[in-house]
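Me: I have a model open and want to learn how to read it. Could you take me through its features one at a time?

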Amino acid sequence: MPPSSFPTRQLYYDGKLWPASSGKTFESIDPSNATPLAEIQVAAHADIDAAIAAADRAFSSWSQTPPIARARILQKAVALLRERNDEIARVETLDSGKAFTETSTVDVVTGADTLEYYANLVGGGGLNGETTQLREDAWVYTKKAPLGVCAAIGAWNYPIQIALWKSAPCLAAGNTLVYKPSEFTPLHAQTLAEIYREAGLPAGVFNVVYGAGDVGAYLTAHPTIAKVSFTGQVTTGMKVAGSAAGNMKYVTMELGGKSPLIILPDAELDNAVDGAMMANFYSTGQVCTNGTRVFVPASMKAAFEQRLLEKMQYIRPGPLFDDATNFGPLSSAIHAEKVASYIRHGIETDKATLLFGGLGKPSVPKELEAGFWVRPTVFTNCTDDMKIVKEEIFGPVMSILSYETVEEAVERANTTELGLAAGVFTKNLNLAHRIIDQLQAGITWINTWGESPADMAVGGWKNSGVGVENGRRGIEAWVKNKSTLVDTNGAIATVFAKL
Ligand code: NDP
C-alpha cells in the first residue's frame with residue numbers, strides 16, 4: 001500500500017473530522033522500511049478543549065440511553081470490525097510493524113471480542129445494582145452510574161486492541177470518551193471512529209485527538225475529565241496518575257512488567273520451550289506481559305537451551321505481508337535503539353552469555369534493510385542483579401536464569417517492583433496452583449502464556465498498575481456506585497423527640 005493511500009489525519013470529535021488549529025503535524029512511519037505513511041495533525045489545547053466539550057455535550061443523552069440500546073449500537077460496531085478485519089489489520093501492520101499473520105488473527109479479533117463482551121454484559125443487565133432488605137420496611141438499593149467524560153491514552157504495541165479494550169467498557173457503561181493513540185501508531189483511531197459512527201454511535205460519544213505526551217498530559221489534567229485510563233510505561237503512568245489524583249479523577253493504569261516464567265523440572269520440554277518463545281518473541285517482544293525472566297532448573301538447563309536453539313530457527317523475519325513471516329521490526333527507530341542498547345549492555349557490562357542473536361539486524365530483503373529490525377536474542381547464565389534482568393526491555397530479549405529449588409525460584413521471581421504477569425510450566429497441577437498463589441502478579445498462567453481473552457480481567461500488581469481491564473470486573477472501573485436507603489415506615493426514628 002503506497003503512502004499516498006493515507007490522507008492526512010485530522011482530529012475527530014462531535015461526529016466529524018476537524019482540522020487541528022496548531023498548524024503542526026507529525027508523521028506515521030512504516031517500521032519495516034522506515035518510509036512515511038501519513039501526516040497526522042497535532043491537537044492544540046483549544047482543539048482538545050473542543051473535543052472534551054463535544055464529549056461533555058453528548059454525555060447526558062448517551063448516559064441516559066438504556067443499556068440495551070447502547071448495546072445494539074456497539075454490537076453493530078462489532079460486526080463492522082469483523083467484516084473489515086483484514087483491511088484494519090493491514091493498516092495495523094503498516095503502522096506498527098507487526099506481521100499480518102498476527103494483526104489479522106489477534107489484534108482486531110480480540111478488540112472486537114471485548115466490545116461484544118461488554119455490549120452483551122450491559123445489554124444483559126450487567127449494570128444492574130443490588131437490593132438488600134434491611135428490615136420489613138427498609139431497603140438499600142444500589143446503582144452503577146457512569147463517570148462522565150473519560151480520557152483514554154494508548155501505547156503503540158496493540159493499537160486498535162487497546163483502543164477497544166478501553167472504549168468498549170467505557171461506552172457500554174454510558175460514558176463518553178476522548179482517545180489519544182500513541183503518536184507512533186495513530187492510524188487505527190480514525191477507522192475506529194468511523195466504524196462507531198457507522199454503527200450509529202451519537203456524535204461526541206467517541207472522540208480522537210492526536211499528539212505526543214503533552215497532549216496526553218493536557219487531557220489528563222483537564223478539569224472536565226472524570227477518569228483516565230492509561231496504558232504505557234511505569235514512569236509515564238506515575239506522572240499521569242499523579243496528575244489525575246490531584247483532581248480526584250478515577251484512574252486505571254496498565255503499565256510495564258518484567259514477568260517471571262518458571263519451568264519446573266517435570267515440565268514437558270517442548271511445551272516449556274514453546275511457552276518461553278511465545279513469552280519473549282511474539283510481537284517482537286513488544287508485549288507488556290512478556291515472560292522475560294525464564295527460570296529453568298539447573299538440571300534441565302542444557303536440554304532446554306539445546307531445544308531452544310533448534311526452535312529459534314523458526315523465527316522468521318521478513319516482508320510483513322508474507323504468510324511465513326512471524327517476526328517484524330520494532331515499532332520505531334527510537335525504540336529499536338533502546339532495545340539495542342540493552343543488548344549491548346547485556347554483552348558488555350552485564351556480561352551475560354549470549355546464546356543467540358545479539359547486535360545488528362536479522363537478515364531481511366534489501367528493501368527492508370532501513371527498517372527498525374533487531375535480532376531475536378537469548379542471554380543465559382544471567383543473574384538477578386543484571387540490568388537486562390531487572391529492567392523492562394520491551395523487545396525480543398530473553399534472559400535465562402537457572403535455579404536449584406522451587407522455593408528459591410519463587411522468591412527470586414518476586415524480587416522486583418513490577419507485578420504484571422507470571423507463570424509456571426509443570427505436570428504437577430497441585431504444585432502449580434501453590435506456586436501461582438505465591439507469585440506476586442495480577443495476570444498468571446499455568447502451562448500456557450499470553451492468552452488474554454475478553455472475559456479474563458487483567459491488570460498489574462505493584463508498580464505494574466492500578467485496576468483491571470476486561471472481564472466482569474473491568475466494567476466496575478467505568479462506573480461509580482450510588483447506594484440509596486429507602487425507609488417505608490413513615491415515622492423517622494428521631495433522637496430529637498420531646499422528653
Ligand atoms: P509511554 O508511557 O511512552 O506512552 C504511552 C502513552 O502515553 C502514549 O500515548 C504517550 O504519547 C502518552 N504520554 C507520554 N507522556 C505522557 C504524559 N506526561 N501524560 C499523558 N500521556 C503521556 O509507553 P509506550 O508507548 O512506550 O508503551 C510501551 C509501554 O506500555 C511498555 O512499558 C509496556 O509494558 C506498556 N504496556 C502495558 C500494557 C498493560 O496492559 N499493562 C499493555 C501494553 C503496553 P506518545 O507516545 O504519543 O508520545
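Me: In which strand is Lys-462 found?
Reply: Helices and strands are DSSP runs, numbered from the N terminus; a helix is H or I with at least four residues, a strand is E with at least two. Lys-462 is found in strand S20, residues 461-462. This is a predicted model: local features need pLDDT of at least 70, side-chain atom pairs count only at pLDDT 80 or more, and totals for chains, interfaces and linings use all residues. Residues are numbered from 1 along each chain as its sequence is written.

Me: What is the phi of Lys-462?
Reply: Most residues other than glycine have a negative phi. Lys-462 has a positive phi of about 50°, although it is not a glycine. Phe-394 also has a positive phi, near 60°. Phe-394 sits in the loop between helix H12 (387-390) and strand S16 (397-403).

Me: Where is Gly-360, by the way?
Reply: Gly-360 lies in the loop between strand S14 (353-356) and strand S15 (377-380). Gly-360 is exposed, because 11 other C-beta atoms lie within 10 Å.

Me: Which residues is Lys-311 in contact with?
Reply: Two residues are in contact if their C-beta atoms, placed from the backbone, lie within 7 Å. Leaving aside neighbours within four places in sequence, Lys-311 contacts Val-273 and Met-277. Lys-311 is in helix H10 (residues 301-312). It counts as partly exposed because 15 C-beta neighbours lie inside 10 Å.

Me: Into which domains is the chain divided?
Reply: Domain bounds come from an automatic or database domain assignment. Here there are domain 1 (11-255 + 464-483) and domain 2 (260-446). The contact between them takes 17 residues from domain 1 and 23 residues from domain 2. On the side of domain 1 that touches domain 2, helix H3 (85-96) and helix H4 (100-123) each give two or more residues. H4 gives the largest share, three residues. The domain centres, taken over C-alpha atoms, are 31 Å apart.

Me: Which residues touch the most other members of the largest nonpolar core?
Reply: Nonpolar side chains tend to be buried together in soluble globular proteins. A nonpolar core is a set of buried Ala, Val, Leu, Ile, Met, Phe, Trp, Tyr and Cys residues joined through C-beta atoms within 7 Å. The largest one has 151 residues, and Ala-172, Val-178 and Ile-263 touch the most other members. Domain 1 and domain 2 both give residues to this core, so it lies between them. Ala-172 touches residues including Arg-70, Leu-74 and Tyr-118, not counting those up to four places away in sequence.

Me: How many residues surround the ligand?
Reply: A residue is near a molecule if its C-beta atom, placed from the backbone, lies within 6 Å of it. 30 residues surround the ligand, and the closest are Gly-213, Gly-216, Gly-232, Thr-236 and Gly-256. Helix H7 (213-221) and helix H8 (234-246) each give two or more residues to this shell. H7 gives the largest share, four residues. Domain 1 and domain 2 each supply at least three.

Me: What does UniProt list for "active site"?
Reply: UniProt positions use the numbering here, feature names are shortened, and annotations may be inferred rather than shown by experiment. The unreviewed UniProt entry lists Glu-254. Glu-254 lies in strand S11 (residues 250-254). It counts as buried because 27 C-beta neighbours lie inside 10 Å. Leaving aside neighbours within four places in sequence, its contacts include Phe-230, Gly-459 and Glu-469.

Key: A residue is buried if 20 or more other C-beta atoms lie within 10 Å of its own, exposed if 12 or fewer, and partly exposed in between; C-beta atoms are placed from the backbone.
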